[in-house]
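Good morning, and thank you for coming.

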Amino acid sequence: MINEKRLVDAFMEYVSISSPTQSEGRFAAYISKILEALGLDVLIDDAGEKVGSDTGNVIAKLKGNAEGDTLLFSCHMDTVSPGVDIKPLIKDGVIYSDGTTVLGGDNKAGIAAIIEALTLIKENNLTHADIEVVFSIFEEGGLHGAKNLNFEQFNAKSVFVLDSGGDPGQIIVKGPAQDKLEFKVIGRPAHAGVAPEEGISAIQVASAAISKMNLLRIDAETTANIGRIEGGSVTNIVAAEAKVFAEARSLDNHKLKAQSDHMVACFEDAAKDFGATVETSVSRMYSAFSIDENAEIVNMAKAACSRIGLKPYTASSGGGSDTNVFNANGLMAINLGIGEKKPHTLEEHLHIKDLVATSSLVLELIKGAVK
Ligand SMILES: [Zn+2]
């Protein structure tokens, strides 16, 4: 039923319209026109002004011609760098970039799959309940578009984000929370040769703190990493300042708080031991989510997969996505595998069969929502 040629052509067209993070405007205007032509009511919200993108989130609604559950499908429009002037090519049923950029299948594969399903609905006058669509901005690097959505405007209780790297059939039901941590240690400068005893080495304080810290794999659900250190100037001055940048993640919000508290305590204790001071900042980038394996939304996804011959399986994610934000704002969201392979690399690629399967899955979910 899926028109493979039309779907692949649309995908190739979408990725060749550049939409790097915060410059999604041209693509947003283009996809809005397509949604309107398919009969959806489209609006672009004001999130762009708040987060510094040249457009807002694209929100589209299609009134149902039958009773049933309102479903919301969501993808992000922005792509990571290098993602300008993407030139997709097809080799043996797989779509690649020309090797100088990412492909942008993350996340335009999902967008193409949704558009093909909506096209089929219109073309064949299929029965469907209300459908809502969100194509977000500025997902990469902080989920900023989704965080600035007005969640009151949605009627859907069930949200399907199409933005996971697993094969179609993968259903992400758990995602981690993430904290961003920054530490600024302030010591005291002194001549390193003449009067080192008058100094307090910020680098030494930071080292002492880090040496006591539990890092990397904390437990099955929790990770922590120091990503960057900077500080000091020349070798004959005791370093007056050092900055440390870190992150922590957990599938459990409480475990994350415990890990972040631990990292802060390591710095505070070390600063105290050396007579230095430390400024700490911990910001929650996004919250964890955990959907019950028996929740209706999971059953809907599993049933739809089975009906089209995909083997459904649930999994947890190590990364954040707009799914976290929908769940944190009172909607129930899962993230579906759409076969984005090696995202965020020059080797990113997409199997055409996965693109077709994803579009079939969207269509099947829509059909399944009719009561
Ligand atoms: Zn993505």
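This is a predicted model: local features need pLDDT of at least 70, side-chain atom pairs count only at pLDDT 80 or more; totals for chains, interfaces and linings use all residues.

Strand β5, residues 94–96, is joined to β17 by 3 bridges, and the two run antiparallel. Strands here are DSSP runs of E with at least two residues, helices are runs of H or I with at least four, and both are numbered from the N terminus. Two strands pair if DSSP finds at least two bridges between them. V94, for instance, has H351 in β17 as its bridge partner.

Residues are numbered from 1 along each chain as its sequence is written.

The open sheet has 3 strands in the order β4-β5-β17, with antiparallel pairing. β4 (89–91) and β17 (349–351) each have a single partner strand, so one side of each edge strand lacks a neighbour in the sheet.

Now to the core. Which residues touch the most other members of the largest nonpolar core? They are F11, A112, I114, V205 and I334, out of 107 residues. Such a core is a set of buried Ala, Val, Leu, Ile, Met, Phe, Trp, Tyr and Cys residues joined through C-beta atoms within 7 Å. Buried means that 20 or more other C-beta atoms, placed from the backbone, lie within 10 Å of the residue's own. Helix α4 (residues 105–123) gives the largest share of this core, 10 residues.

Finally, buried residues make up 49% of the 371 residues in the chain.

Definitions and conventions. A residue is buried if 20 or more other C-beta atoms lie within 10 Å of its own, exposed if 12 or fewer, and partly exposed in between; C-beta atoms are placed from the backbone.
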